[in-house]
Structure formats: structure tokens, C-alpha cells
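Thanks for asking me to look this one over.

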Amino acid sequence: MDVVNQLVAQGQFTILKQPLGFIKVLQWIFAIFAFSTCGSYSGMFKMSVECETRSESDLGIEVEFEYPFRLHQVYFDAPTCKGGNPERIFLNGDYSSSAEFFVTIGVFSFLYSMASLFVYCFVLEKYRENCKGPQIDFVVSAVFAFMWLVSSCAWAKGLSDVKTSTDPERVISLIAACEEPENSCREVNDPKVSGLNTSVAFGFINLILWIGNLWFVFKETGWLAAFGGTYVPSQEKQPAPDSFAQEGYAQQEPYASSQGGYQPEYGQQGYNEEGGYSQGYEQQPTSFSNQM
């Protein structure tokens, strides 16, 4: 419990109120709905075959099927209405690939969303460091968005085929006894596939969420500033000091030349003044002696 309390104390849960974290929570929830409604499904439909000979009739033929919808392995026994052993009939179709692909994308989306939420809440600073985390997150999110598109479309087509293969009227056409006019065959219960319809809806909702999340992750990558021209790579900043130094050097040349011309003049003036002063000083004693 101490470890959990420390993690909760260090967490930055305000990110969950922002679009980046809030959409990730929705992705986590709807991923659970998507793979659970498909992966936990089991259905059943019921038919009746009434033969001319009542003793051979079977008024409660139940056919059960479930995920992953390998219908070619589902069978039931139907009377032949001719005496003897009943006829074993298999359904048509194998739709496990689209169903399993859909559930797999849902499970991996759930795991990735949960890991992303942990990173957002507890290591957000490292996530934003050098923009590497957001860039990886953007690429992975784009892949998941594409996978949700493919898996949802594939499962929608697979579900349509499952409905066709489990339609009691279609299955009745597979029973040889039902082709005889003296026998009566009818459906008793249709399979309830509302849960499977919901799974397809959740798949496309996940697609919308992952596409919408791309924009908020993209703003964290720093690519938007680079495209807008406000971001300057470090390689382009290096020539600036060279050009500045050249300009400064060019500006200092006139100043240096002016001082170079000024110093000799200053030296000459000082020398001339000193010379003149020294000459005056030497002449004074001579003139004073002459006066005496």
C-alpha cells in the first residue's frame, strides 16, 4: 500500500482533464467494450423438422455457435424422415480471421492506452523531453488508427457473413428431409446478434477516437512549430556567430585605422613640444649671463 500511495502522490492527474489524457481514457474504455462484446459472444438458433411420420420428427433442433465463428466446425443432427440414424449437418463458413483480428487490435489498444495513461500521469516530464516521446506516441497512434479502420471494416463484412450462415431459413435448406413436400420445416428462434452489432459500432467509435487523438499528440511533437517556421534546428544556428564576427571586424577596421593615424600625430606633437620647451630652457641661462 505504501508503494501505491507514493505513486498516487507523485502522479500528475491533471493531464486527464486535458484532451490528450481524456481521449486516452476513452480509448481505454471503448477498447474494452469492443473486444469484450465480440470475444465473449455465444449465440443459438432453433429449428423444427416435422416428418410425415410423427415419431421421427424433431421439433427442437438447437444449433449453438460462438467466437471465433469457425462455423464449418459447428454441426447438428437432423432427422431424415426415412427411418434410421439422423443426418449430421455442418454449417458453412470460417470467419475466425476477421473476428480474431478485431479482438487482437482491441486488446493491444487496451494495453497501449493503459501504458500511455501511466506515462502521462507519472513520467510526463520524460515523455516531453526532446519531443521523442510524443513523436513515438504519434507514430504508434497513427498505426492503431489504421488498424482500427481495417479491422472494423473486416469484422463488419465478417459479421454480415456470420448472419447469413446462421440464418435458420438458409440452414433449413441444408436439411435433405425439408426438400420433401410431405415434411414441414420451420424456424423457431433466430440468433440474437445485437451484441455483435454493438462490437462493430464500438470498433468505428475507436477509429474516430484514435484519429481525433492524432491532432493532440501531434501538437506535442514539436513538428507544428517546425512547419510554421518558428523552430530553427541547431545546425542552422552555427553560422550566425561567424557572420557577426565578420561584421564586427569590418566595423573595427576604420576605428583602428583612425587611431593608427592619430597616435603618430600625438607622438609628433609631444616630441615637438618637448623639443621646443627644451630649447627655450637652454637659451635662458645664456641670455641671463649676457645681461650680467
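The points below cover one serine, its tryptophan partner, the aromatic pairs and the nonpolar cores.

1. Please keep in mind that this is a predicted model. Is Ser-199 buried or exposed? Its relative accessibility is 0%, below the 20% cut-off, so Ser-199 counts as buried.

2. The side chain of Ser-199 has a polar contact of 3.0 Å with that of Trp-155. Beyond its neighbours within four places in sequence, Ser-199 is in contact with Ala-34, Thr-37, Cys-38, Phe-102 and Trp-155.

3. Trp-155 deserves a look of its own. Setting aside residues up to four places away in sequence, Trp-155 touches Cys-38, Phe-69, Ser-98, Ala-99, Phe-102, Leu-196, Ser-199 and Val-200. Trp-155 also belongs to a cluster linked by ring pairs, together with Tyr-41, Phe-45, Phe-65, Tyr-67, Phe-69, Phe-102 and Trp-148.

4. How many aromatic pairs are there? The count comes to 21. One of them joins Tyr-120 and Tyr-127 edge-to-face, at 5.2 Å centre to centre with 70 degrees between the planes. Tyr-120 counts as buried because its relative accessibility is 1%, and Tyr-127 counts as buried at 7%.

5. The largest nonpolar core has 44 residues, of which Met-47, Phe-69, Phe-76, Trp-155 and Ile-175 touch the most other members. Elements giving two or more residues to this core include α2 (19–39), β1 (42–50), α3 (96–122), α5 (132–165) and α7. Apart from this core lies another, of 7 residues, among them Ile-15, Leu-20, Leu-124 and Val-217.

Terms used
Residues are numbered from 1 along each chain as its sequence is written. This is a predicted model: local features need pLDDT of at least 70, side-chain atom pairs count only at pLDDT 80 or more; totals for chains, interfaces and linings use all residues. Side-chain values use heavy atoms; hydrogens and water are left out. Buried means under 20% relative accessible area, exposed over 50%, partly exposed in between (1.4 Å probe, protein chains only). A polar contact is a pair of N or O atoms within 3.5 Å; within protein, one must be able to donate a hydrogen and the other to accept it, and residues adjacent in sequence count only if both atoms are side-chain atoms. Contact means heavy atoms within 4.5 Å. Rings of Phe, Tyr and Trp (its six-membered ring) pair if their centres lie within 6.5 Å; planes under 30 degrees apart count as stacked, over 60 as edge-to-face and the rest as tilted. A nonpolar core is a set of buried Ala, Val, Leu, Ile, Met, Phe, Trp, Tyr and Cys residues joined through side-chain atoms within 4.5 Å. Helices (H or I, at least four residues) and strands (E, at least two) are DSSP runs, numbered from the N terminus.
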